[in-house]
Amino acid sequence: MEVKKRTAIRSMEYGDFKNNDYLEKMVDELNRDGAGVILTTIDEVINWGRSNSLWTLNFGTSCCAIEFMALGAARYDMARFGFEVTRNSPRQADLIMVMGTITYKMAPVLKRLYDQMAEPKYVVAVGGCTITGGPFIKSYHVVNGIDKIIPVDVFIPGCPPRPEAFYYGMMQLQRKIKVEKFLGGVNRQEKEPKEEK
Amino acid sequence: MNIQEKIAQLVPGMTVAEQGEAVITVPADSFRKLAEALRYDKDEPMDYLRDIVGMDWGEDGLGALYYLESSKTYTRIILKTLTADRENAFLPSVSDLWKTAEIKEREAYDFFGIRFLNHPDMRRIFLREDWKGYPMRKDYDMSSNPLNMENEENADTTDEYYLNPDGTIADQKNIVFDEKDFVINIGPQHPSTHGVLRMRASLDGETICKIDPICGYIHRGVEKISESLTYPQTLAMTDRLDYLSAHQNRHALCMCIEKAAGIEISERAQYIRTIMDELQRIDSHLLFYSCVVMDMGGLTPFFYGFREREMILDIMEETTGGRLIQNYNMIGGVQADIQPDFQRKVKEFIKHMRSVIKDYHDIFTGNVIARTRMEGVGVLTKEQVISLGATGGTGRASGWSNDVRKHHPYGVYDKVDFKEILYTEGDCFARYMIRMDEIMESCNILEQLIDNIPEGEYRVKTKPIIKLPEGNFSASVESSRGEFCVMIESHGDKTPYRLHYRSTGLPLVHSMDTACRGNKIADLIAIGATLDYVVPDIDR
C-alpha cells in the first residue's frame with residue numbers, strides 16, 4: 001500500500017492558548033486601590049486550605065468514571081493535588097464531578113443531589129456527554145449539556161478525557177477557588193475603574 | 001432430523017427467510033405451542049434464549065425475533081412472530097419457559113409497546129413510568145417527551161394481561177411490593193453498583209426477600225440513533241456500551257457487517273483483532289479484581305490491579321491512540337498497523353503478569369475474611385443460569401460451558417489451543433476464581449499468537465458506501481463478561497433498519513433477584529460485584 005502524505009496535526013498557536021488568567025487579572029483590578037490587609041490575608045489562608053482539600057462527590061455514570069478510577073491509582077495519584085478524598089454523600093462534598101451521560105431519567109436525581117450539597121459548591125463537567133450530549137446528542141433520552149440543569153464551573157472535554165486533562169481541569173477549579181473572597185470586600189462599594197492611559 | 005423439518009412438522013404454516021440468516025416465521029397463534037415443544041425437546045432442548053429483539057415492520061405490524069440456542073448441541077435458530085394490530089399489539093409470553101424472557105419482554109414492551117399475554121410484570125424498564133409513546137417505533141415523534149425535572153414515583157403495582165376463554169383480553173393488577181414490605185432503595189448513585197443501577201430490595205430483618213432492579217438511568221437510545229447512521233458511523237457507539245469490552249464489542253459489529261457485505265479480511269487483521277480482544281479481557285478482569293476487593297473493603301489490591309492495567313493501556317495506546325475508548329476495529333480490518341515494539345511489550349507483559357499473579361492470590365484469594373464472605377454466597381445453579389441466560393464467567397462458574405470462543409469460533413480462536421475455565425460451585429468465590437484463571441488463560445492465548453502474526457495488509461479496501469443486502473444478520477463474540485451479540489436487520493439501505501445489541505449485563509442484573517434471595521443485605525454488594533455487570537451496556 002502506498003504511503004499517503006500525512007496531514008499535519010493542527011495544533012493551537014501558543015498565543016491562542018488562554019490559560020484562564022483573567023481570574024488573577026480580575027483580582028488585581030479589584031485590589032488596585034488597596035484592600036484590607038488583615039481580611040485579605042485571612043482570605044488567602046482560607047482559600048489556600050479550601051483549594052487544596054477539595055472533597056469530591058463522584059457522580060460517575062459511565063466511561064469517564066473509569067478514567068477517574070485510574071486517577072486514584074498509583075500512577076496518576078490524585079492525592080498529590082489534595083482531591084483524593086471522594087465522598088458518596090452530597091452533604092460532605094465540596095464539588096460534584098459529573099462523569100458520563102446524563103439522561104432524562106437521571107436529570108432530576110442530579111439536580112436533587114446538587115441541591116443537597118452545602119454552599120460553597122462547585123460543579124465539574126467531565127467528558128463530551130456532560131458538556132453537549134456528545135455522540136448521543138440526537139437521542140430522545142439524553143440531556144444536551146448539564147449546564148441546562150445546574151451551573152457548571154469547569155468543563156473538561158474529552159471522550160473520555162485523559163488523566164492529565166482531569167488534572168488541568170481540577171487545577172483550574174483550584175485557581176478559581178483561590179481568588180474567591182470570603183471575608184473582605186463582599187459588600188464594599190467598588191470604585192469606578194480608572195481610564196487606561 | 002433437521003431442526004427446520006421438525007418445526008415444519010409442528011407448525012405447517014411456517015416460512016423460512018431466503019436472504020440473510022434462516023429466520024423462521026411462525027404465526028402468533030401457534031408460536032407458544034412451538035416454543036414449548038422446542039424448549040422441552042428430548043434430543044436438542046432449546047433451553048438458552050439468547051435474546052428477544054422487538055421489531056417494528058411498519059404496515060406488517062409489530063413483532064419480535066427470538067434467538068435460541070441449545071445448551072447441549074449449540075445449534076442456533078431464529079424464530080420470528082408478529083401481530084398486525086399496532087394499537088393493541090399482543091403476543092404470547094414465554095417467560096415461564098425461559099426466565100430471561102421476563103426482562104427481555106419488558107424491554108420489548110418499553111420500546112415497542114408490545115404487550116405479552118400472561119407475563120406477570122408488564123412495567124416499563126428503561127424509560128420513566130410516565131413516558132408517552134414507544135421510542136423505537138418508526139412513527140415515534142422524537143420531540144414528544146421533553147426533559148421532565150419532576151421526581152419520578154415508582155408504582156408498587158404492575159399489570160398482567162391474560163386471555164379470557166371467550167377471546168377477550170383482560171387486565172389484572174399484580175403487586176411488586178406490599179404495603180407491609182420493608183423496602184430499601186439502593187442506587188442510582190451508589191459507589192458499589194458499578195454505575196447507575198438502582199435496586200429496590202425488600203427485607204425481612206437482614207434477609208433479602210426480593211430485588212426489583214430499575215434500569216434506564218444511562219439509557220442513551222443507542223439503537224435508535226444507529227438507525228439513522230451509516231454502517232461505518234454505527235461503529236462509534238459500540239465502544240461506549242461496555243467500555244471494558246470495547247475491542248470485543250466493535251469486533252462483533254465489524255464481523256457482522258463484513259459477513260453480510262461479503263468482505264474478506266486479511267489473516268493479519270484477524271490476528272491483531274484476536275490479540276486485542278484478549279488484552280482487553282485481561283484489562284477488564286484486572287479491573288474486576290480491583291473493584292471486587294474495593295467493594296468488600298480492601299484498598300491495597302486496588303492498586304495492584306491498576307498497576308498492571310496501566311501496562312495494558314500503555315500497550316494499547318501506542319497502537320490505537322486511546323486509553324479507554326480505542327475505536328480500533330474498522331470494517332475490513334483495523335485502523336492502523338501495530339507498533340514495531342508491540343510484540344516485545346506484550347511478551348514482557350505476559351512474563352510480568354505471571355510473576356505477580358501470586359501476589360494477587362496472596363493478598364486476597366487466601367484471605368480468611370474474603371473466603372467467608374464469598375464461599376457459598378449467592379449460589380446460582382446450572383439450570384438457573386441457563387434459564388436466566390447469564391453467560392460469561394457467571395454461567396461458567398455454575399458449570400455451564402458457554403464460551404463462544406469454543407463453540408462458535410471466530411477470529412483465530414480455532415487455531416489456538418486453550419481451555420475453557422469451568423467451576424461448578426456457582427457461588428461468589430467460583431465467579432471470582434473464573435476471572436482470575438481467565439487472566440492466565442488469556443496470557444496463554446496471547447503467547448501462542450504474538451509471535452505468529454502473519455505478514456499482509458492490516459485493512460482491505462472497502463467500497464466508500466457500504467450497503468448490506470436485505471435480510472437478518474448477526475454475529476456474536478465472547479466479550480469480557482459474556483456473550484455479546486449484534487443483530488442487524490437490513491432493508492438494503494446504507495443504514496440499518498434495526499440494529500440490536502445483545503447486552504451481556506441485562507441477564508446478569510436480572511439474576512440478582514435469584515442470586516440474592518435468602519442472603520443477607522451485606523452480601524448483596526459482594527454478589528453484585530462478582531456478577532460483574534457494566535451498567536451502560538445494560539441500558540444501551
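Which residue just after α16(B) takes a positive phi of about 60 degrees? In this predicted model, that residue is B:Asp532, which follows directly on helix α16 of chain B. The helix itself, spanning residues 523-531 of chain B, is mostly covered, with eight of its nine residues buried.

- Of the 197 residues of chain A, 35% count as buried.
- When contacts in chain A between residues at least 6 apart in sequence are considered, 80% of them join residues at least 24 apart.
- The mean pLDDT of chain A is 79, and 80% of its residues reach 70 or more.
- Among the elements of chain A, the lowest mean pLDDT, 75, belongs to helix α1 (residues 22-30), while the highest, 90, belongs to strand β4 (residues 122-126).

**Domains of chain B**

- Chain B is divided into domain 1, made up of 3-142 + 151-176, and domain 2, made up of 222-465 + 493-502 + 522-539.
- The C-alpha centres of domain 1 and domain 2 of chain B lie 30 Å apart, and the contact between these domains takes 15 residues from domain 1 and 12 residues from domain 2.
- On the side of domain 1 of chain B that touches domain 2 of chain B, the residues by class are nine nonpolar, two polar and four charged.

**Contact between chain B and chain A**

- The contact between the chains takes 37 residues from chain B and 35 residues from chain A.
- On the chain B side of this contact, α4 (222-226), α5 (231-238) and α8 (300-320) of chain B each supply at least two residues, and α8(B) gives the most, with five residues.
- The residues of chain B that touch chain A divide into 19 nonpolar, eight polar and 10 charged.

**The largest nonpolar core**

- In soluble globular proteins, nonpolar side chains tend to be buried together.
- The largest nonpolar core here has 192 residues, and those with the most contacts inside it are A:Val98, A:Val124 and B:Cys256.
- Helix α7 (residues 267-295) of chain B gives the most to this core, with 14 residues, and the core draws at least three residues from each of domain 1 and domain 2 of chain B.
- Not counting residues up to four places away in sequence, B:Cys256 touches B:Phe473, B:Ser474, B:Ala475, B:Val486 and B:Ile488.

**Burial in helix α16 of chain B**

- The buried residues of α16(B) are B:Asp523, B:Leu524, B:Ala526, B:Ile527, B:Gly528, B:Ala529, B:Thr530 and B:Leu531.

**Backbone features**

- Most residues other than glycine have a negative phi, and most peptide bonds are trans.
- A:Asp77 has a positive phi near 40 degrees and lies in the loop between α3 (63-72) and β2 (86-87) of chain A; A:Asp77 counts as partly exposed because it has 13 C-beta neighbours inside 10 Å.
- B:Tyr74 likewise has a positive phi, near 60 degrees, and its place is in the loop between β4 (62-69) and β5 (76-83) of chain B; with 15 C-beta neighbours inside 10 Å, B:Tyr74 therefore counts as partly exposed.
- A cis peptide bond, with omega about -15 degrees, joins A:Cys159 and A:Pro160, and A:Pro160 is found in the loop between β5 (154-156) and α6 (163-178) of chain A.

**Surroundings of A:Val179**

- A:Val179 has its place in the segment after α6 of chain A, and it counts as partly exposed because 17 other C-beta atoms lie within 10 Å.
- Leaving aside neighbours within four places in sequence, A:Val179 is in contact with A:Leu23, A:Glu24 and A:Val27.
- A:Val179 and A:Tyr167 are 12 residues apart in sequence, and their C-alpha atoms are 19 Å apart in space.

Terms used:
Residues are numbered from 1 along each chain as its sequence is written. Chains are lettered from A and ligands numbered from 1 in the order in which they are written. Domain bounds come from an automatic or database domain assignment. Two residues are in contact if their C-beta atoms, placed from the backbone, lie within 7 Å. Ala, Val, Leu, Ile, Met, Phe, Trp, Tyr, Cys and Pro count as nonpolar, Asp, Glu, Lys and Arg as charged, and the others, Gly among them, as polar. Helices (H or I, at least four residues) and strands (E, at least two) are DSSP runs, numbered from the N terminus. A residue is buried if 20 or more other C-beta atoms lie within 10 Å of its own, exposed if 12 or fewer, and partly exposed in between; C-beta atoms are placed from the backbone. A nonpolar core is a set of buried Ala, Val, Leu, Ile, Met, Phe, Trp, Tyr and Cys residues joined through C-beta atoms within 7 Å. pLDDT is the predictor's confidence in each residue, from 0 to 100.
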